[in-house]
Amino acid sequence: MIKLLDLLKEIQWLTKSYDLAAKYYFPFTPEVVKMLKGGEKIKSFHITSFEKLNQLKSLEGTKKSISTFTRNKSKGLYKNLGAHWNHGVLCYLEGDKVFKSTSDILTIPDDTGRRWIKFNDPGSTVNAGSIQSKFEKFMIYNNIGILRDEILKANLEKDFSKEMNIKRDVYLKEYLKLATEFARIHSNEILTKLGGEDLEDDELSDTDEVVLNNIKLLDCAYSDEATPEEVQLINKTFPGEKIPVPINTEKTYGIVDNFIKTRQ
């Protein structure tokens, strides 16, 4: 089940692509997105902080992706705003769909903004372990394992020599090509399992997950404890409605819940 802190993760691209590839994560490359029927315009929600708002704004119109949600059934998102949202912003935005799941699938970003997933992540409610097994066997069958082992060893020893970095680039290029081929072969199964189409309502996590790129910010709800400078930033960042939310009061839940429901 998704945790509140997972929803509140800031926009950070810290993990290197080759690290995720070495751990058999699956990448949402542009080719894979097309196969998985991405590209349609979707409006959804994302939580960030005032400190990260400029960074979020800089993503408008780019291919860097963010994780958003369209459904939330956890009152914990609202009850603890004083602790988690002390200088926070609930953003309403639109963008091009990279992938959408009825449950949270715990995608993570790499250092380029590309999203990756581990099909059998224990924190996810989707039942996609069978795909992860097939994916790893597919990669091993295509002789990518030897170079992978070398990269894992180099990462552990912090070997970032020119020679080793060339090998990382070669590995990543081949890995992305093979992942695209795997998606072509198993696209229907990936859509069914990752999309959560085989889950019952009581098996769904508190939120869905919608990965978007080419985003455009629209409206927001934000902490009424914002400073004058932060309010000025809000006015500059969002062209639409901007709603201040009293923190940790009886009114908090109703205001934020109404903000979401009137935009679903």
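This report describes the cores, sheets, helix packing, backbone and salt bridges of one predicted model.

## Basis of the description

The structure is a predicted model, in which local features need pLDDT of at least 70 and side-chain atom pairs count only at pLDDT 80 or more, while totals for chains, interfaces and linings use all residues. Residues are numbered from 1 along each chain as its sequence is written, and side-chain values use heavy atoms, with hydrogens and water left out.

Helices (H or I, at least four residues) and strands (E, at least two) are DSSP runs numbered from the N terminus. Buried denotes under 20% relative accessible area, exposed over 50%, and partly exposed in between, with a 1.4 Å probe and protein chains only.

## The nonpolar cores

A nonpolar core is a set of buried Ala, Val, Leu, Ile, Met, Phe, Trp, Tyr and Cys residues joined through side-chain atoms within 4.5 Å. The largest such core has 37 residues, and those with the most contacts inside it are Phe26, Phe28, Phe119, Tyr175, Ile190 and Leu194. Two or more residues come from each of helix 2 (17-22), helix 3 (30-35), strand 4 (88-101), strand 6 (115-117), helix 7 (129-141), helix 8 (145-156) and helix 9 (162-194). Helix 9 gives the most to this core, with twelve residues.

Contact means heavy atoms within 4.5 Å. Leaving aside neighbours within four places in sequence, Phe26 is in contact with Val32, Arg115, Trp116, Ile117, Phe119, Phe135, Ala179, Phe182, Ala183 and Ile190.

Two strands pair if DSSP finds at least two bridges between them. Three strands form an open sheet in the order 1-6-5, with antiparallel pairing. Strand 1 (26-27) and strand 5 (108-109) stand at the edges, each with a single partner strand, so one side of each is left without a neighbour in the sheet. Strand 1 and strand 6 are joined in the antiparallel sense over two bridges, and Pro27 stands opposite Trp116 in strand 6.

Met35 lies in helix 3 and counts as partly exposed, at 28% relative accessibility. Not counting residues up to four places away in sequence, Met35 touches Thr180, Ala183, Arg184 and Ser187. Met35 and Asn188 are 153 residues apart in sequence and 9.4 Å apart in space, C-alpha to C-alpha.

## Helix 10 and its crossover

The buried residues of helix 10 (residues 228-237) are Glu230, Leu233, Ile234 and Thr237. Seen down the axis of helix 10, these residues fall within an arc of 100°, so they line one face of the helix; the arc is that of the directions from the helix axis to the C-beta atoms. They pack against helix 4 (53-57), strand 4, strand 7 (209-223) and strand 8 (242-245). The face turned away from the buried side carries the exposed residues Pro228, Gln232 and Lys236.

Strand 7 and strand 8 pair in the parallel sense over four bridges, with Tyr222 opposite Pro244 in strand 8. The chain crosses from strand 7 through helix 10 to strand 8 in a right-handed β-α-β crossover. Right-handed here means that, with the strands pointing away from the viewer, the path from the first strand over the helix to the second runs clockwise.

## Backbone angles in two loops

Most residues other than glycine have a negative phi. Tyr24 has a positive phi, near 60°; Tyr24 lies in the loop between helix 2 and strand 1 and is buried, at 5% relative accessibility. Lys158 has a positive phi of about 55°. Lys158 is placed in the loop between helix 8 and helix 9 and counts as exposed, at 65% relative accessibility.

## Salt bridges

A salt bridge is a side-chain nitrogen of Lys or Arg within 4 Å of a carboxyl oxygen of Asp or Glu. The whole structure holds 14 salt bridges. One of them joins Lys57 to Glu60, the closest N and O atoms being 2.9 Å apart; Lys57 is partly exposed at 29%, and Glu60 is partly exposed at 25%. Lys153 forms a salt bridge with Glu157, also with the closest N and O atoms 2.9 Å apart.

Within helix 9, Arg184 and Glu181 lie three residues apart, about one turn of the helix, and their side chains meet in a salt bridge (2.6 Å, N to O). Salt bridges that share partners join Asp219, Glu241 and Arg263 into one network.
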